[in-house]
Amino acid sequence: MAELIRNPKCMRKLEEEVSPAMDQQEMFIKESCITQLPYLEACFKETLRLHPPGPFLLPHRAIEFCQVMNHSIPKNSQILVNFWAIGRDPKYWEEPLMFNPGLDFKGNDFEFIPFGSGRRICPGLTMATRHVSLIVASLIHFFDWSLPHGRKNPTDIDMSEKYGLTLRKEEPLILIPRSKN
Ligand code: HEM
């Protein structure tokens, strides 16, 4: 939501995609609609690239010596993958700090692994993708959002991050919803 408020063009594009896909008679959004919304999926992925909840994935241990590209990894090393840094690395992403839904995500090339990879990949991937998309689509479809206290400039939103068990916004996002009905 913070990135969408900071990027009104993306917010408008998402609204334009979500609204026609909704059954106007229903007061809620059906899960079956979600798979037909490519821009919503792009916004979700782009958010995970810039703001991964698990910036270092989960710690792993090398059960034997191995060579990964030019890194020699001794047996029993603890391995942390800094996906936060990979997601912002200009070697892999053009204008890496811009929120730019629709980037070409090459899941197989390991530039985009917010859920990890391989046999310990996050088993909640499908559930998280569906739920976050459903929630965001509902928030966008049913409400207009604005900044509080007459603040006009959305780029003023403080995007500092705080690392605890997961990575999150340091300052809570405070917005005012106005029902569209
Ligand atoms: C946007 C939401 C989520 C993100 C970004 C996320 C990310 C991750 C990451 C990075 C890992 C570590 C993968 C690795 O070891 O390389 C992980 C593991 C795991 N996640 Fe998630 N996760 C999310 C939601 C969920 C949900 C909704 C559930 C359960 C309903 C879940 C359950 C788990 C479990 C059980 C593991 C451990 C898997 C194992 O070690 O075998 N996650 N997740």
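Author: On a 1 Å grid over the protein atoms alone, a pocket is an open set of points for a 1.4 Å probe, with protein on both sides within 12 Å along at least five of seven lines; its lining residues have an atom within 4 Å of a point. Points are joined across faces, edges and corners, and a volume is the space filled by probe spheres set on them. The model is predicted: local features need pLDDT of at least 70 and side-chain atom pairs pLDDT 80 or more, while totals for chains, interfaces and linings use all residues. Residues are numbered from 1 along each chain as its sequence is written, and side-chain values use heavy atoms, without hydrogens and water.

Reader: What volume does the largest pocket have?

Author: The lining of the largest pocket has 45 residues, with L57, H60, V81, I113 and S117 closest to its centre. The volume of this pocket is about 1,800 Å³.

Reader: Which space does the ligand take?

Author: A molecule sits in a pocket if more than half of its atoms lie within 2 Å of the grid points. By that rule, the space taken by the ligand is the largest pocket.

Reader: Which residue is the protein donor to the iron atom of the ligand?

Author: Donors are N, O and S atoms within 2.8 Å of the metal (3.2 Å for Na, K and Ca), and sites may look incomplete because water is not among the atoms. The iron atom has a single donor from the protein, an SG atom 2.3 Å away, and it belongs to C122.

Reader: Where does C122 lie in the chain?

Author: Helices (H or I, at least four residues) and strands (E, at least two) are DSSP runs, numbered from the N terminus. The chain has six helices and eight strands. C122 lies in the loop between α5 (83–86) and α6.

Reader: How far is a polar side-chain atom of R120 from an oxygen atom of the ligand?

Author: A residue is near the ligand if one of its heavy atoms lies within 4 Å; 13 residues surround the ligand, and R120 is among the closest. A polar contact is a pair of N or O atoms within 3.5 Å. H60 places a polar side-chain atom 2.6 Å from a ligand oxygen, and for R120 the distance is 2.6 Å.

Reader: What volume does the second largest pocket have?

Author: This pocket is lined by 24 residues, with M1, A2, E3, T47 and H51 nearest its centre. Elements that each supply at least two of its lining residues include α1 (2–6) and β7 (167–169). The volume of the second largest pocket is about 630 Å³.

Methods
A polar contact is a pair of N or O atoms within 3.5 Å; within protein, one must be able to donate a hydrogen and the other to accept it, and residues adjacent in sequence count only if both atoms are side-chain atoms.
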